[in-house]
Amino acid sequence: MKSYRKELFFQIPTRRAIINITQQVEACIKESGVKEGLCLVNPMHITASIFINDDESGLHADYERWLEKLAPEKPHSQYQHNETGEDNADAHLKRTIMGREAVMAITAGKLDFGTWERIHYAEFDGMRKKRVLVKIIGE
Ligand code: ZN
(Lines give C-alpha, C1' and ligand atoms only; values in the text may rest on other atoms or scores of the structure.)
Protein backbone atom coordinates (compact mmCIF):
# COMPACT_ATOMS: atom_id res chain seq x y z
CA MET A 1 0.00 0.00 0.00
CA LYS A 2 1.19 3.49 -0.83
CA SER A 3 0.89 6.34 1.65
CA TYR A 4 1.24 10.04 0.80
CA ARG A 5 1.09 13.15 2.96
CA LYS A 6 1.24 16.81 2.00
CA GLU A 7 0.38 20.15 3.59
CA LEU A 8 -1.18 22.91 1.51
CA PHE A 9 -0.93 26.51 2.72
CA PHE A 10 -3.52 29.26 2.49
CA GLN A 11 -3.40 32.89 3.55
CA ILE A 12 -6.81 34.39 2.83
CA PRO A 13 -6.73 38.24 2.80
CA THR A 14 -10.26 38.51 4.22
CA ARG A 15 -11.87 37.13 7.39
CA ARG A 16 -14.13 34.78 5.42
CA ALA A 17 -13.91 33.19 1.96
CA ILE A 18 -14.67 30.00 0.07
CA ILE A 19 -12.11 28.81 -2.47
CA ASN A 20 -12.10 25.87 -4.85
CA ILE A 21 -9.01 23.70 -4.16
CA THR A 22 -9.95 20.77 -6.43
CA GLN A 23 -6.98 21.28 -8.78
CA GLN A 24 -4.50 21.34 -5.90
CA VAL A 25 -5.90 18.05 -4.54
CA GLU A 26 -5.83 16.52 -8.04
CA ALA A 27 -2.15 17.48 -8.28
CA CYS A 28 -1.52 15.67 -4.96
CA ILE A 29 -3.26 12.53 -6.26
CA LYS A 30 -1.12 12.61 -9.39
CA GLU A 31 2.04 13.10 -7.31
CA SER A 32 1.07 10.23 -4.97
CA GLY A 33 0.90 7.73 -7.82
CA VAL A 34 -2.16 6.13 -6.16
CA LYS A 35 -4.61 4.70 -8.72
CA GLU A 36 -7.12 3.03 -6.38
CA GLY A 37 -7.61 4.40 -2.89
CA LEU A 38 -8.88 7.16 -0.65
CA CYS A 39 -7.98 10.81 -0.21
CA LEU A 40 -8.61 12.71 3.04
CA VAL A 41 -8.44 16.52 3.12
CA ASN A 42 -8.80 18.51 6.35
CA PRO A 43 -7.77 21.92 7.66
CA MET A 44 -5.31 21.69 10.56
CA HIS A 45 -7.24 24.51 12.27
CA ILE A 46 -10.54 24.76 14.14
CA THR A 47 -11.86 27.87 12.35
CA ALA A 48 -11.85 26.54 8.76
CA SER A 49 -13.66 23.76 6.89
CA ILE A 50 -13.22 21.51 3.91
CA PHE A 51 -16.46 20.66 2.13
CA ILE A 52 -17.60 19.34 -1.23
CA ASN A 53 -20.26 21.15 -3.21
CA ASP A 54 -20.93 23.20 -6.34
CA ASP A 55 -18.40 25.91 -7.30
CA GLU A 56 -21.11 28.48 -8.01
CA SER A 57 -20.73 32.07 -6.80
CA GLY A 58 -24.42 32.55 -5.94
CA LEU A 59 -24.37 29.45 -3.76
CA HIS A 60 -21.20 30.65 -2.04
CA ALA A 61 -22.90 33.99 -1.27
CA ASP A 62 -25.88 32.00 0.08
CA TYR A 63 -23.55 30.08 2.42
CA GLU A 64 -22.17 33.38 3.72
CA ARG A 65 -25.65 34.80 4.42
CA TRP A 66 -26.93 31.54 5.94
CA LEU A 67 -23.92 31.13 8.23
CA GLU A 68 -24.16 34.77 9.35
CA LYS A 69 -27.79 34.14 10.36
CA LEU A 70 -26.85 31.02 12.34
CA ALA A 71 -23.66 32.39 13.94
CA PRO A 72 -23.31 36.14 13.29
CA GLU A 73 -19.78 37.47 13.70
CA LYS A 74 -20.93 40.61 15.55
CA PRO A 75 -21.41 41.71 18.22
CA HIS A 76 -18.36 39.84 19.45
CA SER A 77 -19.63 40.28 23.02
CA GLN A 78 -22.52 37.85 22.42
CA TYR A 79 -20.14 34.86 22.73
CA GLN A 80 -18.66 33.46 25.94
CA HIS A 81 -15.60 32.18 23.99
CA ASN A 82 -14.71 35.80 23.15
CA GLU A 83 -14.39 36.62 26.86
CA THR A 84 -11.01 34.85 26.62
CA GLY A 85 -9.80 37.82 24.56
CA GLU A 86 -10.50 36.17 21.19
CA ASP A 87 -13.01 37.45 18.65
CA ASN A 88 -13.58 34.28 16.64
CA ALA A 89 -16.33 32.35 18.41
CA ASP A 90 -18.49 32.66 15.28
CA ALA A 91 -15.68 31.09 13.21
CA HIS A 92 -15.58 28.01 15.48
CA LEU A 93 -19.36 27.63 15.16
CA LYS A 94 -19.34 28.10 11.37
CA ARG A 95 -16.62 25.49 11.03
CA THR A 96 -18.70 23.01 13.01
CA ILE A 97 -21.69 23.59 10.73
CA MET A 98 -19.65 23.23 7.51
CA GLY A 99 -17.65 20.25 8.76
CA ARG A 100 -14.02 19.38 9.28
CA GLU A 101 -12.93 17.12 6.43
CA ALA A 102 -13.81 15.46 3.16
CA VAL A 103 -12.91 11.91 2.12
CA MET A 104 -12.94 11.09 -1.59
CA ALA A 105 -12.60 7.91 -3.61
CA ILE A 106 -9.77 7.63 -6.12
CA THR A 107 -10.54 5.41 -9.10
CA ALA A 108 -8.18 4.91 -12.04
CA GLY A 109 -5.93 7.67 -10.65
CA LYS A 110 -8.67 10.32 -10.57
CA LEU A 111 -11.22 11.74 -8.13
CA ASP A 112 -14.35 9.59 -8.47
CA PHE A 113 -16.74 12.57 -8.37
CA GLY A 114 -20.27 13.39 -9.42
CA THR A 115 -20.65 16.00 -12.16
CA TRP A 116 -20.77 19.09 -9.94
CA GLU A 117 -18.71 18.00 -6.96
CA ARG A 118 -15.75 20.28 -6.18
CA ILE A 119 -13.54 20.49 -3.09
CA HIS A 120 -13.65 23.81 -1.21
CA TYR A 121 -11.63 25.39 1.56
CA ALA A 122 -13.85 27.60 3.70
CA GLU A 123 -12.06 30.19 5.81
CA PHE A 124 -13.92 31.72 8.76
CA ASP A 125 -11.05 33.53 10.54
CA GLY A 126 -8.55 34.46 7.87
CA MET A 127 -5.78 37.02 7.35
CA ARG A 128 -3.20 34.53 8.65
CA LYS A 129 -1.38 31.51 7.27
CA LYS A 130 -3.20 28.19 7.62
CA ARG A 131 -2.42 24.60 6.75
CA VAL A 132 -4.53 21.91 5.07
CA LEU A 133 -3.56 18.24 5.31
CA VAL A 134 -3.89 15.94 2.30
CA LYS A 135 -3.50 12.22 3.12
CA ILE A 136 -3.77 9.62 0.38
CA ILE A 137 -3.65 5.85 0.83
CA GLY A 138 -4.07 3.09 -1.72
CA GLU A 139 -2.30 1.27 -4.48
ZN1 ZN B 1 -11.13 30.90 19.24
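## A patch of positive charge

A: Let's begin with four lysines: Lys2, Lys30, Lys35 and Lys110 gather on the surface in a patch of positive charge. Please keep in mind as you look that this is a predicted model. One of the four, Lys30, belongs to helix H1, which covers residues 22-32. Its relative accessible area is 72%, and because anything over 50% counts as exposed, Lys30 is an exposed residue.

The C-alpha trace spans about 50 × 30 × 20 Å along its principal axes. If you take the contacts between residues at least 6 apart in sequence, 82% of them join residues at least 24 apart. Of the 139 residues, 40% are buried. The accessible surface comes to about 7700 Å², with 53% of that belonging to carbon and sulfur atoms.

The surface also has a nonpolar patch, of about 410 Å², made by Met1, Leu38, Val103 and Ile137. Val103 is part of strand E5, residues 102-107. With 53% relative accessibility, Val103 counts as exposed because the cut-off is over 50%.

Just after the helix comes Gly99, whose phi is positive, at about 95°.

Helix H2 spans residues 57-70 and includes His60. The relative accessibility of His60 is 12%, and because this is under 20%, His60 counts as buried. What does His60 touch, leaving aside its neighbours within four places in sequence? Its contacts are Ile18, Asp54, Asp55 and His120.

Between H2 and H3 runs a loop, and Pro75 is found there. Look at the bond that joins Lys74 and Pro75: this peptide bond is cis, with omega at about 0°.

Two other loops have backbone details to look for. In the loop between E5 and strand E6 (110-111) you will find Ala108. Its phi is near 55°, a positive value in a residue other than glycine. Ala108 has 58% relative accessibility and counts as exposed. The loop between strand E7 (118-123) and strand E8 (129-138) holds Met127. Met127 is not a glycine, yet its phi is positive, at about 70°. Met127 is exposed too, with a relative accessible area of 52%.

To return to where we started, Lys110 is one of the four lysines of the positive patch, and strand E6 runs over residues 110-111.

Definitions and conventions. Residues are numbered from 1 along each chain as its sequence is written. This is a predicted model: local features need pLDDT of at least 70, side-chain atom pairs count only at pLDDT 80 or more; totals for chains, interfaces and linings use all residues. Side-chain values use heavy atoms; hydrogens and water are left out. Buried means under 20% relative accessible area, exposed over 50%, partly exposed in between (1.4 Å probe, protein chains only). Contact means heavy atoms within 4.5 Å. Accessible areas come from the Shrake-Rupley method with a 1.4 Å probe; for residues, only the protein chains shown count as cover. Patches are made of residues with over 30% relative accessible area and no salt bridge: like charges are joined within 9 Å, nonpolar side chains (Val, Leu, Ile, Met, Phe, Trp, Tyr) within 5 Å. A salt bridge is a side-chain nitrogen of Lys or Arg within 4 Å of a carboxyl oxygen of Asp or Glu. Lys and Arg count as positive and Asp and Glu as negative; His and the chain ends are not counted. The place of a charge is taken as NZ of Lys, CZ of Arg, CG of Asp or CD of Glu.
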